[in-house]
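Q: I'm new to this one. Can you walk me through it?

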Amino acid sequence: MMQKTDTETLASAMRILAIEIESEDGIAKAAIAEAADRLDELAAIALELLKSTRCEQSLPDGCPRCALSVRLAAIGIRS
């Protein structure tokens with residue numbers, strides 16, 4: 001499986017692309033820039049949620065916080 005780019009790098013690359021891409025009406029530039037901002041916002045929210053939960057390793061099905069942390073890391077959001 002290919003390693004995912006971390007979210008900060010991906011959002012930064014999208015911002016560069018939003019500046020560099022040629023678009024007559026500017027819609028593509030605006031959409032790419034907004035997507036980069038949204039990635040940053042969603043990553044920040046995800047990390048806030050992760051930090052607001054407590055590790056519950058004693059649960060029989062495993063710790064939901066740890067599972068969430070693994071899922072976030074898999075998409076490039078590191079806590």
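Q: Let's start with Arg 54. Buried or exposed?
A: Arg 54 counts as exposed, because its relative accessibility is 63% and the cut-off for exposed is over 50%. Keep in mind that this is a predicted model.

Q: Which residue does Arg 54 meet in a salt bridge?
A: The partner is Glu 56, with an N to O distance of 3.5 Å. Glu 56 is partly exposed, at a relative accessible area of 24%.

Q: How many salt bridges does the count come to?
A: The count comes to 4 salt bridges. One of them joins Arg 15 and Asp 37, whose closest N and O atoms are 2.8 Å apart.

Q: Where do Arg 15 and Asp 37 lie?
A: Arg 15 is in helix H1 and Asp 37 is in helix H2, so this pair ties together parts 22 residues apart in sequence. Both ends are partly exposed: Arg 15 has 31% relative accessibility, and Asp 37 has 36%.

Q: Which residues are linked with Arg 15 in a network of salt bridges?
A: Asp 37 and Asp 40 are linked with Arg 15 in that network.

Q: What about Arg 38, which residue does its side chain meet?
A: The side chain of Arg 38 meets Glu 34 in a salt bridge, at 2.6 Å from N to O. The two are 4 residues apart in helix H2, which means about one helical turn separates them.

Q: Changing topic. How many helices and strands does the protein chain have?
A: The protein chain has 3 helices and 0 strands. Along the sequence the pattern reads α-α-α.

Q: What should H2 span, at 1.5 Å a residue?
A: With 25 residues, H2 should span 36 Å, and its end C-alpha atoms are 36 Å apart, so the two values agree.

Q: Which residues of H2 are buried?
A: The buried ones are Ile 32, Ala 36, Ala 43, Ala 46, Leu 47 and Leu 50. These buried residues pack against helix H1 (7-20) and helix H3 (64-74).

Q: And Leu 39?
A: Leu 39 also lies in helix H2, but Leu 39 is partly exposed, with a relative accessible area of 27%. Beyond its neighbours within four places in sequence, Leu 39 is in contact with Thr 7, Leu 10 and Met 14.

Q: Which residues form a nonpolar patch on the surface?
A: Leu 42, Ile 45 and Leu 49 do, and together they have about 290 Å² of accessible area. Leu 42 is in helix H2, which covers residues 27-51.

Q: Now the whole chain. What is its radius of gyration?
A: The protein chain has 16 Å, whereas a compact globule of 79 residues would have a value near 12 Å. Its C-alpha trace spans about 55 × 30 × 15 Å along the principal axes.

Q: What share of the residues count as buried?
A: Of the 79 residues, 18% count as buried. The accessible surface comes to about 6100 Å², and carbon and sulfur atoms account for 58% of that surface.

Q: Last one: what share of contacts join residues at least 24 apart?
A: Among contacts between residues at least 6 apart in sequence, the share is 44%.

How values were computed:
Residues are numbered from 1 along each chain as its sequence is written. This is a predicted model: local features need pLDDT of at least 70, side-chain atom pairs count only at pLDDT 80 or more; totals for chains, interfaces and linings use all residues. Side-chain values use heavy atoms; hydrogens and water are left out. Patches are made of residues with over 30% relative accessible area and no salt bridge: like charges are joined within 9 Å, nonpolar side chains (Val, Leu, Ile, Met, Phe, Trp, Tyr) within 5 Å. Accessible areas come from the Shrake-Rupley method with a 1.4 Å probe; for residues, only the protein chains shown count as cover. Buried means under 20% relative accessible area, exposed over 50%, partly exposed in between (1.4 Å probe, protein chains only). Contact means heavy atoms within 4.5 Å. The radius of gyration is taken over C-alpha atoms; the globule rule is 2.2 Å times the number of residues to the power 0.38. The expected span of a helix is 1.5 Å times one less than its number of residues.
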